[in-house]
Amino acid sequence: MTDTHENRDAGITDSEHFSPYRSDGKLPVGKAIVTELAACIYACSSLPHEPNASATTPQHPNTKIINYPYQPTSEQDTLALIDDVLNTWGRLDIWTSSTGLLGPPTITQTGPKDLYAAFDTNAVPAFFALKYAPSAMQKTSPRGTYPNAAPKDVPYGSIVVVTSVAGTYGGCWSPAFTMASHAALGVVRSGVLVLKGTRVRINAVTAGQIDVGVDLGDCDGQFPSVGARGGDAVRRVVGLERVGRPEEVARAVGFLASGFSSYITGAEIRVDGGAGVMNPVTVPV
């Protein structure tokens, strides 16, 4: 039986213009993702006074970044954001969710409110993205007037959920964080069937030990000591013998956001330097 070119291409969902990935992205992971993606980006934060990124950067003057105050656990904020994007630009191509809340370090200190808060922060934003973003991603549009703009001639979209390797196994994280990280991956896996026929893909990036420039000393003992997170300890338990950088997580997001991953959905890309394979219960997020 022969396979014609038309039949082979029938399932391809991306426009030839769809390639927001840029490979040249010490930032927190969310800011690194904003730096990595090109064209027009809404940099959303629940902290309205936090400078996420400038409107343009000297390195990437054609990247338009819109700082947008947003509560990711709010259904109304999610809908308002989507409305704003569609009313302003007429299209939505990519949705990235990157949120995190640790919770109390032990089960005895964890109550229902802590568990609900962890699920709200770590899994609910991904759920809202799966529920509401795909219909907006069906919109097509001519080429816009902003830099890096390209026409959207067929419906497509990519949802990328950034979570922790705690979503794949337990270990030294808090119970609430581990449960909620598993739930975030559950959104991705259930999303494959939900999105069937929409030309929208959903995938996850699970991050291991990433240096986000934040002192973890006040995290109630959920992480190993500073000494255990560096030097000989890292070389011993991490395959690549170092901690990761935020931009390395962002580049995985860029790949999943782009047409380079057009036949990937429901997948998890683990960015942990090989630590989970070597020491699955000892290496923190």
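## Around helix α5: a briefing

Threonine 78 is buried, with a relative accessible area of 0%. This residue belongs to helix α3, which covers residues 75–89. Please keep in mind that the model is predicted.

**Threonine 78 and its surroundings**

- Leaving aside residues up to four places away in sequence, Thr78 touches Tyr70, Pro72, Trp95, Phe128 and Tyr132.
- Thr78 and Ala133 are separated by 55 residues in sequence, yet their C-alpha atoms are 8.9 Å apart in space.

**The aromatic cluster**

- Searching the whole structure turns up two aromatic pairs.
- In one of them, the rings of Phe127 and Phe128 have centres 5.7 Å apart and planes at 45°, so this pair counts as tilted.
- Phe128 also pairs with Tyr132, again in a tilted arrangement, with 6.4 Å from centre to centre and 40° between the planes.
- Together, ring pairs join Phe127, Phe128 and Tyr132 into a cluster.
- Phe128 and Tyr132 both sit in helix α5, four residues apart, which is about one turn of the helix.

**Buried or partly exposed?**

- Phe127 is partly exposed, because its relative accessible area of 39% falls between the cut-offs of 20% and 50%.
- Phe128 has a relative accessible area of 8% and is therefore buried, the limit being under 20%.
- Tyr132 is buried too, at a relative accessible area of 18%.

**How α5 packs against α6**

- Helix α5 spans residues 124–137 and helix α6 spans residues 175–194; they pack at an angle of about 10°, with their axes 10 Å apart.
- The two helices are therefore roughly parallel to each other, since angles under 35 degrees count that way.
- On the α5 side, the residues that meet α6 are Ala126, Phe127 and Leu130, and their counterparts in α6 are Val187, Ser190, Gly191 and Val194.
- Sorted by class, this contact has five nonpolar residues, two polar ones and no charged ones.

**A charge over a ring**

- Elsewhere, the charged end of Lys152 sits over the ring of Tyr156, at 4.7 Å from the ring centre.

Definitions and conventions: Residues are numbered from 1 along each chain as its sequence is written. This is a predicted model: local features need pLDDT of at least 70, side-chain atom pairs count only at pLDDT 80 or more; totals for chains, interfaces and linings use all residues. Side-chain values use heavy atoms; hydrogens and water are left out. Axes are lines fitted to C-alpha atoms, for helices over the stretch in contact, and angles run from 0 to 180 degrees between N-to-C directions. Angles under 35 degrees count as roughly parallel, over 145 as roughly antiparallel, 65 to 115 as roughly perpendicular and the rest as oblique. Contact means heavy atoms within 4.5 Å. Ala, Val, Leu, Ile, Met, Phe, Trp, Tyr, Cys and Pro count as nonpolar, Asp, Glu, Lys and Arg as charged, and the others, Gly among them, as polar. Rings of Phe, Tyr and Trp (its six-membered ring) pair if their centres lie within 6.5 Å; planes under 30 degrees apart count as stacked, over 60 as edge-to-face and the rest as tilted. Buried means under 20% relative accessible area, exposed over 50%, partly exposed in between (1.4 Å probe, protein chains only). A charge sits over a ring if NZ of Lys or CZ of Arg is within 6 Å of the ring centre and within 35 degrees of the ring normal.
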